[in-house]
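Thanks for coming, everyone. Please bring up the model on your screens, and we will walk through it together.

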Amino acid sequence: MNGGLSSLRSEAAGAMRTVLVSAESLQLTLKPELTQEEQALTQSGRKAKEAHTAGNEDLKEMLESNKESLKLEAMKRIVQLISKGKKSSDLFPAVVKNVASKNIELKKLVYVYLVRYAEEQQDLALLSISTFQRALKDPNQFIRASALRVLSSIRVPIIVPIMMLAIKEAASDLSPYVRKTSAHAIQKLYSLDADQKEHLIEVIEKLLKDKSTLVAGSVVMAFEEVCPDRIDLIHKNYRKLCNLLVDVEEWGQVVIINMLTRYARTQFTSPWKEDAVFDDNEKAFYDSDSEEKQGQKEAKPYIMDPDHRLLLRNTKPLLQSRNTAVVMAVAQLYWHLAPKHEVSIVTKSLVRLLRSHREVQYVVLENIATMSIQRKGMFEPYMKSFYVRSTDATHIKTLKLEILTNLANEANISTILREFQTYVKSQDKAFAAATIQAIGRCATNISEVTDTCLNGLVLLLSNRDETVVAESVVVIKKLLQTQPTQHSDIIKHMAKLFDNITVPMARASILWLMGEYCERVPKIAPDVLRKMAKSFTSEEDIVKLQTVNLAAKLYLTNSKQTKLLTQYILNLGKYDQNYDIRDRTRFIRQLIVPNEKSGTLNKYARRILLASKPAPVLESAFKGQLGQTPLPWTNEMDRDRFQLGTLSHSLNVKAAGYQELSDWPAVAPDPSVRNVEVIEPVREWAPSVGKAKQPKSDDKFYSDDEEKEEEGSGSGSEDSSSSSSGSSSSSEESGSESEEESSEESGKTSSDSGKSSSGSEASSSESEPEQKKKKRTKKATQRKSKQSAADSDSDENGSGPVGKTSSSSAESSSESDSEEDSDVDSPPPPSPPQKKTVAKTKPKVEVKTKKEVSLLDLDDFSPAPPSAPKSSVFSSSLLSDLEGLSLSNVSSAMQVTTPSFGPVKTYELLHHMTGKGFSAKYHFPRQPCLYQPSMVAVQVILTNSSDHSLEEIHIGDRSPASLNIHCFNTVERLEPGASVTVSMGIDFSDSTQAANFQLCTKEDQFSVSIQPAVGELLMPSTMTEPDFCNEQKKLMGMNETSASITMATANTSKQNISKQVLSVANVGVVSSGQNDLQRFAGRTVSSGALVLVTLELREASTALLTINTEKSVMASMLLRDLKQALSQS
């Protein structure tokens, strides 16, 4: 044993001696101890590691404690570490234990951690799958989404079925946020198991039908990843995606726009035809059959598909987006899809992006450079935006230079060349060289300035900077090829500078010029060859090749002087190290020196070497890189083959995942595949509102519109009532709605002018009670058995619909009936307080309000008699569904009521100065719109302040053209000083975006716009306090917006708060048993989304204002308006 140890010691000692000897021979010293600096570094590293370990131990202890506050603090620190890029995977077991915590905030942070490390710690994550599955049923939408996100982050094939099931369930979730997360999970599952593609396509198809803007972008991204070739899934959803585009999140907009670009190129024909016609309503080009039958075959003019126009129209507003990617996406869409005359609208937006960061500038400039080659006119007005700044990076300068060169023409070349003169003096040598190339391109493209540019470049040959000189030589060489006979002096001048030029490309260019035009400089060329023979061995390869070429050409043209020099150079090249030069030398020798082996080839040597060569075309680097061969992985160098805005276009190389744009189809596919059978939205609350009033007239001849006008005029002044009666009778005889409306409006005009109508008043007072009597009799005979006798009694006692049990219908009908009774001098209605309310809603409002008040006459959800008159608007199936609808089977949470507050604020639509004496004002009467339930009712007062009559007042073009407007009928004539009130319906699609249209007369057109306040996009809804609380619980988290506000002293009372809230928003008051809590409910007019407003009073005139709705954008805008109203006295 001891012997073995001693032998080991001796071996170790021998090895040590060997190391010391080797170190001594290498003049090295082995330091037995570390220096103080090395010790400090080692200790600091060790301490940092120990501190990190100790910190993790502390976090583990905190996570394992029983206190929720400690666990929450620990998770916050861990997430902070993750955000800083520090590794914290060793905490995974301690973190995953808290995944089942009941604390929502803690659970959210745990899920954030698990999403980050689930892929690394798959085994531990698998142990918690049951917890994740339970979390998928959690009431909190954020927890459900986070659980799905973690589940899809575990990259283990064994759980694919579980993930598939979770995705399918999440796709049907009530929360759009969870559905959005399921769309994200689709891509993860597809990358894990591509065999699930068919099942995933089913989920994608389902999510594509989703109407939520939150989901749209994510599901289109999943579509692009999983099945981009299945455009049949897009057909039915195409129009919906176009209409939702404005409201989708920014990155979703980018994805949708790119997808729709590809879709449009497969479904529409090219709009770039010369005979294109771009009127949407364009009819056949030929009017007579005789012309069509002529033997000449003339092309049928192009008519743009309405769906093609819809895409262009709905993407245009996004050019104003703050997101540069969205603007770039819209720009490429217009470039690839729009008619040529419309593409220029993207110019201003692209130029605006040049104020962004340099990374954004680079991408935008690359795309502008490509655009400017084909369409110079787009960017010429903004030429100064492309002037180079001293602070620009080199790659930005080069791109701006490229664009300026593309924009150069005879008109602006002098300005551009002056700019280039400054750039040549730049300290940035690469940029100066690029400028010289740009000057050469300008000289080639514009013949008027060729000589000027050439002389300027020759002056640059005396520049001190050899980079500038070298680039000048290269460009001059290319320019001289265009006019060689006129520039022998320049060639001589360059030969004199040859010794001072050291850049290989420049030297090679001069040698090529000498050889190509050696007959024009017979004395100088041999001398240059003599100099090159001396320095041949030390030259670069490119210079050696041109020296061999020069020797061969001089041998053929001046063999007496250069025969020996040529042989000498060929012998040097024969033994050169570069095989290209050796091969070239052998080829030249066999070609020019006759011998037995060369055969007849040397007879053609002169024709081969001295053949006239075409002048090079100096093109843009974005059209084809001048002087360079195509890259080995591409067949061409034209960037036009790539879609603008893509990575492939930026790199000029086809990147992985790039999908090429297809060519336009010669014949458009069937457009009917995009038609969607939509059930009319009248199935919502509004149809019953419009239907309940129909029994007012026994005569089934009247249509809905005629009844509406009769009611509207009947609830107005006495004069308008009488005129309406007359117009109704006339419309009965003629059967024309338009005639009736125009006669009604003319009747109103006459009433405004002060015509008396005492006789009409008497007839109206006689006719209305008869109608009411008929109505009461009809209702009494058709009551359902479940209605009480008290209801029918109250109805028969002279108040008509006032006796309804519902507060909403009572409020509605009492308002209308009280107006009718007052108009015909009948006994006052039984509810004076409501009469006061009506009086308040109409201060200083003329015929306009009186007409629309008829909308309040409609009994909300009142029992509809089975024998109600048939209407052309409602289908028979819809009528049968709505028959017998009563308050007993309608949830109070879903009930829509009439407003309890009427706004009096009038907005100016057209000023009389702008309208040449024609003016218009509008306001929102806050009544259900009869034309269509999704429309907002608008009343417009048209006034003629001019000294002549206005004829044919109507609504013209609207913007966008897809804007759904129910226009008022044409006002045939409006006398000087007269005014008329007309009603419109506008579908704002729950957006505050202005409705732009033209208000036209026979002679003029005026562009006007109606901008709705967010509160006018709502309809009030009545619900009980428990229903309100239940609905509010469903709209928590991301659907809740709140803010603390300081109330004005005058607004602290309950009455004043209601007044201020109702002045801002058309909502209903929810009765509350708490004095410090006020609730309001409403629904959006277009989509029917619930909007809940809660105001909780606190100390010191402060309050918490909370809005719950799926429409988050509307919530933030409504919160701002309410905050402003409540804080102002």
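Let's start at Arg586. With a relative accessible area of 47%, Arg586 is partly exposed. A word on terms: buried means under 20% relative accessible area, exposed means over 50%, and partly exposed lies in between, with a 1.4 Å probe and protein chains only. Asp583 is partly exposed too, at 43%. The side chains of Asp583 and Arg586 meet in a salt bridge, 3.0 Å from N to O. By salt bridge I mean a side-chain nitrogen of Lys or Arg within 4 Å of a carboxyl oxygen of Asp or Glu. Asp583 and Arg586 are three residues apart in helix H31 (residues 579-592), so about one helical turn separates them. Helices here are DSSP runs of H or I with at least four residues, strands are runs of E with at least two, and both are numbered from the N terminus.

Before we go on, some ground rules. This is a predicted model, where local features need pLDDT of at least 70 and side-chain atom pairs count only at pLDDT 80 or more, while totals for chains, interfaces and linings use all residues. Residues are numbered from 1 along each chain as its sequence is written, and side-chain values use heavy atoms, with hydrogens and water left out.

Now the overview. The protein chain has 46 helices and 18 strands. Of its 1129 residues, 51% are buried. The chain exposes about 55400 Å², and carbon and sulfur atoms supply 51% of that. Accessible areas come from the Shrake-Rupley method with a 1.4 Å probe; for residues, only the protein chains shown count as cover. What about contacts? Take those in the protein chain with a separation of 6 or more: residues 24 or more positions apart account for 67% of them. Contact means heavy atoms within 4.5 Å.

Back to charges. Side chains of opposite charge can pair when their charged atoms come close. How many salt bridges does the structure hold? The count is 32. Look at Arg262, which forms one with Glu224; the closest N and O atoms are 2.4 Å apart. This pair links distant parts of the chain: Arg262 sits in helix H15 (residues 250-267), Glu224 in helix H12 (residues 213-226), and they are 38 residues apart. Are Arg262 and Glu224 buried or exposed? Both are buried. Another salt bridge joins the side chains of Arg1120 and Asp1121, at 3.4 Å from N to O. There is also a network: salt bridges that share partners join Arg239, Asp305, Asp307 and Arg674. As for Asp1121, its relative accessible area is 18%, so it counts as buried.

Next, helix H29 (residues 541-557), where we find Gln546. Gln546 has 17% relative accessibility, so it is buried. Leaving aside neighbours within four places in sequence, Gln546 is in contact with Ala508, Leu511 and Trp512. Tyr555 is buried, at 15%. Not counting residues up to four places away in sequence, Tyr555 touches Thr562, Lys563, Thr566 and Ile592. Its C-alpha atom is 9.2 Å from that of Val593, which lies 38 residues away along the chain.

Over to helix H3 (residues 68-83). Its 16 residues should span 22 Å at 1.5 Å a residue, and its end C-alpha atoms are 23 Å apart, which agrees. The expected span is 1.5 Å times one less than the number of residues. Which residues of H3 are buried? They are Lys71, Leu72, Ala74, Met75, Ile78, Leu81 and Ile82. After H3 comes Gly85, with a positive phi near 85°.

Cys453 is in no disulfide; the nearest cysteine sulfur, in Cys442, is 6.3 Å away. Cys453 is buried, at 5% relative accessible area.

Last stop, the surface. Leu601, Tyr604 and Ile608 form a nonpolar patch there, with about 280 Å² of accessible area together. Patches are made of residues with over 30% relative accessible area and no salt bridge; like charges are joined within 9 Å, and nonpolar side chains (Val, Leu, Ile, Met, Phe, Trp, Tyr) within 5 Å. Ile608 belongs to helix H32 (residues 605-609). At 42% relative accessibility, Ile608 is partly exposed.

Note on methods:
A disulfide is a pair of cysteine sulfur atoms within 2.5 Å.
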